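Biologist: Hello! I am new to this structure and would like to go through it with you. Could you take my questions one at a time?

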Amino acid sequence: MRGTVDGLVLRETETGESDKLLTVLTAEHGKILICAKGVRSMRSKNMSLCRLFTYGNFEYYEKNGMRWLAGGSVNDSFFKLNSDIEGFALAAYILEIAAEITGEGVEAEEILRMTLNTLYAIENKLKPFEIIKGAYELFAANCSGFEPDVSGCCRCGEVYADTMYLDVMNGSLVCQECRSAGSGAQLMPELDAFSARNILFPMNRSVLASVRYVLGARRERIFAFELKDEKDISDFSRLGDTYLLNHLERGFDTLDFYKTVRNK
Ligand SMILES: [Zn+2]
């Protein structure tokens, strides 16, 4: 049986002498695997289609329960990502999140569209990378069903305060007063986010407003907010990965790599 599908290459694994096994994110079928024979050969006309970050149209046939690449065309290769190490690292992390939050055979139109928009934003530096990263992480939490309730303090209902705390594991807000009254949870410690459990992440008004914006915005407007202060931007980004990684209960090598190149 033959078929054709539009998709984004999330992962490429080299197999055999000149083959690749591609993980491709599609709107209709979520993540699919496509075997691409001979595409690492210089003579292959499908070489550019079978690269990380490529969004293309994949023609395939099915045999022995596998999809095999028959041909196709590139819609967008996001090639400018290859010339900026920080953007490349962030884009690779975004693809790893996309692979984590999508399943095989489960439609993923919204995640595909948002991921493509995010790669475009990184490639063209539409916003500071830390803002793009934090917004995508909150989006990932949102469409995975564990977004935080940031409408108000979960104990007293307070909506605004100079400092509010995100109770990471409970996905709720706690105000300064209720925290002082004793919550048992610890303040966000200066250690690896993943190793900390009971975390209260402090947010000022600007950061909280940004989190609320992202979780409430239409997807195509998700980066359309302003955070000016460097520390606020950094806090927003750190909140994003602290929240996402603790709920996914895993780390990402690509995130570690991004942080390494960013701090150079
Ligand atoms: Zn309160």
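Modeller: Gladly. Let me begin with a definition: two residues are in contact if their C-beta atoms, placed from the backbone, lie within 7 Å. Please keep in mind that this is a predicted model.

Biologist: Thanks! Which elements do the buried residues of H6 pack against?

Modeller: Helix H6 covers residues 230-248. Its buried residues include Ile233, Phe236, Leu239, Tyr243 and Leu244. With contact defined as above, the buried residues of H6 pack against H3, strand E7 (163-167), strand E10 (199-204), helix H5 (205-216) and helix H7 (253-262).

Biologist: Are H2 and H3 roughly parallel or antiparallel?

Modeller: The axes of H2 (residues 109-123) and H3 (residues 129-143) come within 10 Å and cross at roughly 175 degrees. Angles over 145 degrees count as roughly antiparallel. H2 and H3 are therefore roughly antiparallel.

Biologist: How many residues of the contact of H2 with H3 are nonpolar?

Modeller: On the H2 side, the contact is made by Glu110, Ile111, Met114, Thr118, Ala121 and Ile122. H3 brings Phe129, Ile132, Tyr136, Phe139 and Cys143. Of these residues, 1 is charged, 1 is polar and the nonpolar ones number 9.

Biologist: And how are H1 and H3 oriented, roughly parallel or antiparallel?

Modeller: H1 (residues 85-101) packs with H3 at an angle of about 0 degrees, and their axes are 11 Å apart. Among the residues that meet are Leu90, Ile94 and Ile97 in H1, and Phe129, Tyr136 and Ala140 in H3. Angles under 35 degrees count as roughly parallel, so H1 and H3 are roughly parallel.

Biologist: Is Ala217 buried or partly exposed?

Modeller: Ala217 sits in the loop between H5 and H6. A buried residue needs 20 or more other C-beta atoms within 10 Å, and an exposed one has 12 or fewer. Ala217 has 15 such neighbours, so it counts as partly exposed.

Biologist: Last one: how far apart are the C-alpha centres of domain 1 and domain 2?

Modeller: The domain assignment gives domain 1 as 2-79 and domain 2 as 127-262. The distance between their C-alpha centres is 35 Å.

Terms used
Residues numbered from 1 in each chain as written. Predicted model: local features only at pLDDT ≥ 70, side-chain atom pairs only at ≥ 80, totals over all residues. Axes fitted to C-alpha atoms, helices over the stretch in contact; angles between N-to-C directions. Helix = DSSP H or I, 4+ residues; strand = E, 2+ residues; numbered from the N terminus. Parallel < 35°, antiparallel > 145°, perpendicular 65-115°, else oblique. Nonpolar A, V, L, I, M, F, W, Y, C, P; charged D, E, K, R; others polar. Expected span 1.5 Å × (residues − 1). Domains from an automatic or database assignment.
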